[in-house]
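I opened a notebook for this structure. These entries record what I looked up, in order.

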Amino acid sequence: MIGHDPLTTYKAAVIGAGSGGLTMATGLSNFGHDIVLIEGDKIGGDCTNVGCIPSKALLHAAEAGVDDPFAWVRARRDGLAADEDVEMETHDHIHLVRGWARLTKSENGAHVVCVSGPDGDVEVHAENVIVSTGSKPIEIPVEGLGPERVLTNENIFEMETVPDTIVLVGGGVISLEMATAFLDLGSEVHIVELAERLIGTEDPLVSSTIEAALRVRGAHTHTSASIERFDEALQTAHLTNGDEIVGVDKVLIGIGRHPKLAGLGLEDAGVDLARNGIIADDWGRTSVDGVYAVGDVTGNTATTHGANSIARRTIRAIALPLPKIGNARALPSAVYCRPQIASVGLTMTELDALPETGRIRLVKHLKDIDRGLTDDVEHGFVAVDAERFTGKILRAAIVAPDAAEMIGMFTIMIDNGIGLRKLFGTVHPYPAYSQAIGFIADEFATATFRSLPREWWAMMRGRVAKRRKRGTS
C-alpha cells in the first residue's frame with residue numbers, strides 16, 4: 001500500500017528496504033502492525049541489486065558457460081527486484097514511502113522522520129524507528145587510473161563484455177568470488193592484497209588452501225602489495241612490491257565497505273556512533289529509546305543472513321513484551337568461491353587469545369576421505385578448534401565444494417551446546433563430504449577418551465588461565 005496517513009502514529013518506520021529492512025517490515029506486519037517502509041533507491045537493497053543475487057548468478061552463469069553472462073545475470077536480478085517491488089507496493093500493512101529519510105524531533109512520545117522524495121517532503125510519525133540503510137564500497141584513488149576502468153560491486157554487473165585482464169584489489173570475499181567467476185569466463189585474473197595473505201580474517205590454513213586452489217586455476221596473487229600507479233598509455237598497473245600487471249582492462253576495488261550514515265540526522269537525534277557505524281546491541285537497540293539499527297549500518301554484521309538474524313531479534317524486542325534474554329545465534333560466514341569457504345564460532349583474534357592448554361585442534365583433509373578421492377579433491381579440509389574434555393566447538397572452518405552447506409552442522413552444535421563428544425558415533429552418508437566431520441569426532445574421541453581425567457584437568461587449567469587473563473587485561 002503506497003503512501004501513509006500523516007495523522008497516524010505507526011508502530012514503526014523502517015528506513016531502508018534492503019535485507020534487514022524488508023525482514024523488519026514484513027516481520028512486524030505479520031504481528032498485525034501497520035509499518036512505514038522508507039526507501040530512496042531500489043527495493044531489495046544491495047543484496048538483490050548489486051550484491052548476493054547478481055554475484056551468485058554470475059558465478060553460476062560463468063561455470064555453466066552461459067552465452068552473454070552479464071545480460072543473463074541482469075535478467076535474473078531484475079526479475080527478482082521487480083517481484084520484491086510489487087510485493088512491497090501492494091502489501092496490506094506495509095506503507096511504502098519513496099524518498100530519503102532524516103530523523104528529526106520527537107512529538108508526543110513518537111519519533112518523527114522527515115522524508116524528502118519525488119513529491120516533496122513528508123513527515124512520518126512512529127513509535128519506533130529502525131535504521132537499516134546498509135553500506136557502500138570503500139573507494140581508493142590510484143594515480144593514473146581513470147573511472148572508466150574502475151569497478152565496484154555497484155557497477156560490475158552492468159558490464160557488456162568480459163575483460164581480457166582484470167585486477168581485483170583486495171583479497172576478501174568480493175575478490176575471491178569474482179576471481180572464481182572471471183577465471184571461468186576466460187579472463188586473466190590478478191588479485192592484489194595489501195596484507196601478507198588472502199582473506200586475512202580467516203584461519204591461515206584457509207588462506208593458504210584457497211590461494212593454492214586459485215593458482216592451480218591460473219590466478220595470479222600479489223600479496224603484501226598495492227597498486228602504486230597506473231600507466232594508461234601502456235595499460236599497466238605498477239605495484240608497490242615491484243610487480244607489473246600489463247594489458248589491464250578493468251580494476252575491481254573490493255577492499256571493504258562502510259556504513260551509509262550521511263543525511264540521516266543520527267547525531268542530532270542523539271544516536272551514538274562509532275567508526276564502523278551505529279552502536280547497537282544484539283537486539284538492535286541504540287542509545288536512543290525506540291531507535292533501532294540492524295545490518296551493515298551497525299558494523300555488527302556484513303552478511304544478509306546476519307542482518308536477517310538480528311532483524312528477527314529486533315522484531316521480538318519491538319513486538320513482544322517479553323524480557324530481553326537469550327544469546328544471539330551463531331552467525332556462520334560463507335564465501336562462494338571454488339572451493340567454497342565457510343566458518344562459524346569465535347573470530348581468529350578471539351580464538352588466539354584463549355590459552356592453548358584448554359583447547360584442541362583437529363583437521364581432516366578432504367583428499368584423505370573417499371569422496372575426496374572420487375572427486376579428485378586436492379584443496380579442502382575441515383578444521384575444528386574445540387574445548388578439551390567437553391569437545392565444545394570454539395570455531396570451525398571448512399574449505400570444500402559444499403562448505404556453505406556443511407557449516408550448518410557446526411552452527412547447530414554451537415547454538416545448542418553440542419560438543420564433539422556427543423557427535424561421536426553419528427552416522428554420515430557414504431561417500432559424502434560430511435564424513436570428514438565424522439572423522440573429526442572420531443579423532444577427538446581417540447585423543448581424549450583414553451585419558452579422560454587428564455583431559456578434564458587440561459580443560460580446567462585452560463579455564464583458570466582464561467579467567468586470569470581476563471583479570472589482568
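**Entry 1: the parts**

How many helices and strands are in the protein chain? I counted 13 helices and 24 strands. Helices here are DSSP runs of H or I with at least four residues, strands are runs of E with at least two, and both are numbered from the N terminus. I noted that this is a predicted model, where local features need pLDDT of at least 70, side-chain atom pairs count only at pLDDT 80 or more, and totals for chains, interfaces and linings use all residues. Residues are numbered from 1 along each chain as its sequence is written, and side-chain values use heavy atoms, with hydrogens and water left out.

**Entry 2: the whole chain**

I looked up the overall dimensions. The C-alpha trace spans about 70 × 65 × 45 Å along its principal axes.

Next came burial. Of the 473 residues, 49% count as buried. Buried means under 20% relative accessible area, exposed means over 50%, and partly exposed lies in between (1.4 Å probe, protein chains only). The chain exposes about 21900 Å². Carbon and sulfur atoms supply 52% of that area. The areas come from the Shrake-Rupley method with a 1.4 Å probe, and for residues only the protein chains shown count as cover.

I then checked contacts, meaning heavy atoms within 4.5 Å. Among contacts with a separation of 6 or more, 63% join residues 24 or more positions apart.

For charges, I found 45 positive and 64 negative ones, with mean positions 11 Å apart. Lys and Arg count as positive, Asp and Glu as negative, while His and the chain ends are not counted. Each charge is placed at NZ of Lys, CZ of Arg, CG of Asp or CD of Glu.

**Entry 3: a five-strand sheet**

In what order do the strands of the open sheet of five stand? I read β8-β15-β9-β10-β11, with parallel pairing. β8 (150-151) and β11 (220-223) stand at the edges with a single partner strand each, so one side of each has no neighbour in the sheet. Two strands pair if DSSP finds at least two bridges between them.

I followed β15 (residues 250-253) to its partners. It pairs with β8 in the parallel sense over two bridges. There, L151 has L252 as its bridge partner. β15 also pairs with β9 (residues 165-169), again parallel, over four bridges. On that side I found I166 opposite K250.

**Entry 4: two buried residues**

I picked H222, which lies in strand β11. Is H222 buried or exposed? H222 is buried, with a relative accessible area of 9%. Leaving out residues up to four places away in sequence, H222 touches H190, I191, V192, E193, L239, D243 and I245.

My other pick was L176, in helix α5 (residues 173-185). L176 counts as buried at 0% relative accessibility. L176 and R338 are 162 residues apart in sequence, but their C-alpha atoms are 8.6 Å apart in space.

**Entry 5: backbone details**

R338 came up again. The peptide bond from R338 to P339 is cis, with omega near 0°. P339 sits in the loop between β20 (333-335) and β21 (340-345). Another cis peptide bond joins Y430 and P431, with omega about -10°. I placed P431 in the loop between α11 (420-423) and α12 (435-448).

Q235 has phi near 50°. Q235 is in the loop between β12 (227-231) and β13 (236-239), and is partly exposed at 26% relative accessible area. D376 has a phi of about 55°. I found D376 in the loop between α9 (370-374) and β23 (381-387). D376 is exposed, with a relative accessible area of 68%.
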